[in-house]
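Student: I have a structure open and would like to learn how to read it. Could we go through some features one at a time?

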Amino acid sequence: RKETELSQQKFTVSKSALEQFFSGCPAKLTFYRKYNLAKMPPVLARGIAVHKFMEAEPDEKDLSPEAESARRLLNWVEKNNYRILATEVKHIAPLTDDIQLFGIIDAIALDEDDMPVLLDWKTGTQQWQAFTLETGEIVWPNALGWQGTIYLTPPYENDIIEEWPDRMKYVMVAEYGTVQDYDYWANEEDLQNLIRCAQIMKDAHDRGYFPKHKGYLCRSCDWFSACYQTKGWERHYIDRKQDESR
């Protein structure tokens with residue numbers, strides 16, 4: 001299948017880039033776009049390993065926690081009668097005249113009623129926390145981030161399903177507890193919020209304005225060594241362009 005290439009004329013926005021920019025220190029985005037971490041934090045490393053096992057079903061002899069998590073996710077898919085049509089799908093979609101979206105969708109599937117849905121595998125130590133609103137509605141903030149809105153925006157090209165879905169299902173496999181799924185539905189309020197956030201980030205990019213917020217946030221920042229240029233800081237990072245060309 002021919003993939004649409006990112007337009008060089010449009011500003012590209014992804015979930016990870018937005019999270020870096022709006023994390024409390026806009027300068028994080030400049031380091032994120034330049035470097036990959038030489039050593040992934042354990043939580044991220046586990047998530048990456050589980051995703052790889054979802055692509056190639058783990059060997060029955062593999063008793064690692066990551067292989068077991070992948071098996072639990074695959075069992076959930078089978079138990080709930082989902083038919084996966086495609087995995088690791090490059091998603092490129094228009095947001096505005098000068099902004100485009102980018103992401104990698106874990107899976108496009110049909111549910112038991114043959115309705116299209118996007119699936120996203122999540123890992124963590126525990127299930128997502130729920131909150132009850134004054135209206136009585138129960139919400140899971142983790143399921144309300146930019147990712148759902150980005151992925152549910154129809155792409156430039158689609159030859160997998162007839163109509164792009166308006167529902168995304170996050171499937172969480174926690175280290176403790178059962179596999180749990182969380183629905184997210186496309187809505188206009190979240191779309192307009194994404195547009196505003198993307199425009200703010202594009203404006204900062206166009207002006208070259210990424211101020212550093214130095215202080216208590218620094219100690220837990222992945223880019224601390226690069227930002228402060230601590231002794232031997234280069235060993236903590238890999239140039240993103242070199243890493244992606246391997």
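Student: Is Glu 88 buried, partly exposed or exposed?

Tutor: Buried means under 20% relative accessible area, exposed means over 50%, and partly exposed lies in between, with a 1.4 Å probe and protein chains only. Glu 88 counts as partly exposed because its relative accessibility is 37%. This is a predicted model, in which local features need pLDDT of at least 70 and side-chain atom pairs count only at pLDDT 80 or more, while totals for chains, interfaces and linings use all residues. Residues are numbered from 1 along each chain as its sequence is written, and side-chain values use heavy atoms, with hydrogens and water left out.

Student: Where is Glu 88 placed, and which residues does Glu 88 touch?

Tutor: Helices (H or I, at least four residues) and strands (E, at least two) are DSSP runs, numbered from the N terminus. Glu 88 is in strand β3, residues 83-94. Contact means heavy atoms within 4.5 Å. Leaving out residues up to four places away in sequence, Glu 88 touches His 51, Glu 55, Ile 104, Ile 105 and Asp 106.

Student: How do I check the length of a helix?

Tutor: The expected span is 1.5 Å times one less than the number of residues. Helix α4 (residues 65-79) has 15 residues and should therefore span 21 Å; the C-alpha atoms at its ends are 21 Å apart, which agrees.

Student: Which residues of α4 are buried, and what covers them?

Tutor: An α-helix has 3.6 residues a turn, so residues three or four places apart point the same way. In α4 the buried residues are Ala 67, Ser 69, Ala 70, Arg 71, Leu 73, Trp 76 and Val 77. Their cover includes α3 (42-55), β3, β5 (116-124), β8 (167-174) and β9 (180-185).

Student: What should I look for in the backbone angle phi?

Tutor: Most residues other than glycine have a negative phi, and most peptide bonds are trans. Asn 81 is not a glycine, yet it has a positive phi of about 60°. Asn 81 sits in the loop between α4 and β3, and it counts as partly exposed because its relative accessibility is 45%. Gln 229, also not a glycine, has a positive phi of about 55°. Gln 229 lies in the loop between α7 (224-228) and β10 (237-239). With a relative accessible area of 54%, Gln 229 is exposed.

Student: What is a nonpolar core?

Tutor: In soluble globular proteins, nonpolar side chains tend to be buried together. A nonpolar core is a set of buried Ala, Val, Leu, Ile, Met, Phe, Trp, Tyr and Cys residues joined through side-chain atoms within 4.5 Å. The largest one here has 44 residues, and Val 13, Leu 118, Met 201 and Trp 223 touch the most other members. Helix α6 (residues 188-207) gives the largest share of this core, six residues. A second, separate core has 17 residues, among them Phe 53, Ala 67, Val 117 and Val 179.

Student: Is Lys 169 buried or exposed, and with which side chain does it make a polar contact?

Tutor: Lys 169 lies in strand β8 and counts as buried because its relative accessibility is 4%. A polar contact is a pair of N or O atoms within 3.5 Å; within protein, one must be able to donate a hydrogen and the other to accept it, and residues adjacent in sequence count only if both atoms are side-chain atoms. The Lys 169 side chain makes such a contact with the side chain of Asp 183, at 2.7 Å. Residues touched by Lys 169 include Trp 76, Tyr 82 and Val 117.

Student: How many disulfides are there?

Tutor: A disulfide is a pair of cysteine sulfur atoms within 2.5 Å. By this rule the count is zero. For Cys 197, the nearest cysteine sulfur is that of Cys 25, 17 Å away. For Cys 218, the nearest is that of Cys 227, 6.3 Å away. Cys 218 counts as buried, at 11% relative accessibility.

Student: How many aromatic pairs are found?

Tutor: Rings of Phe, Tyr and Trp (its six-membered ring) pair if their centres lie within 6.5 Å; planes under 30 degrees apart count as stacked, over 60 as edge-to-face and the rest as tilted. The whole structure has 12 such pairs. Phe 21 and Phe 22 form an edge-to-face pair, 4.9 Å centre to centre with 85° between the planes. Ring pairs link Phe 21, Phe 22, Trp 146 and Phe 210 into a cluster.
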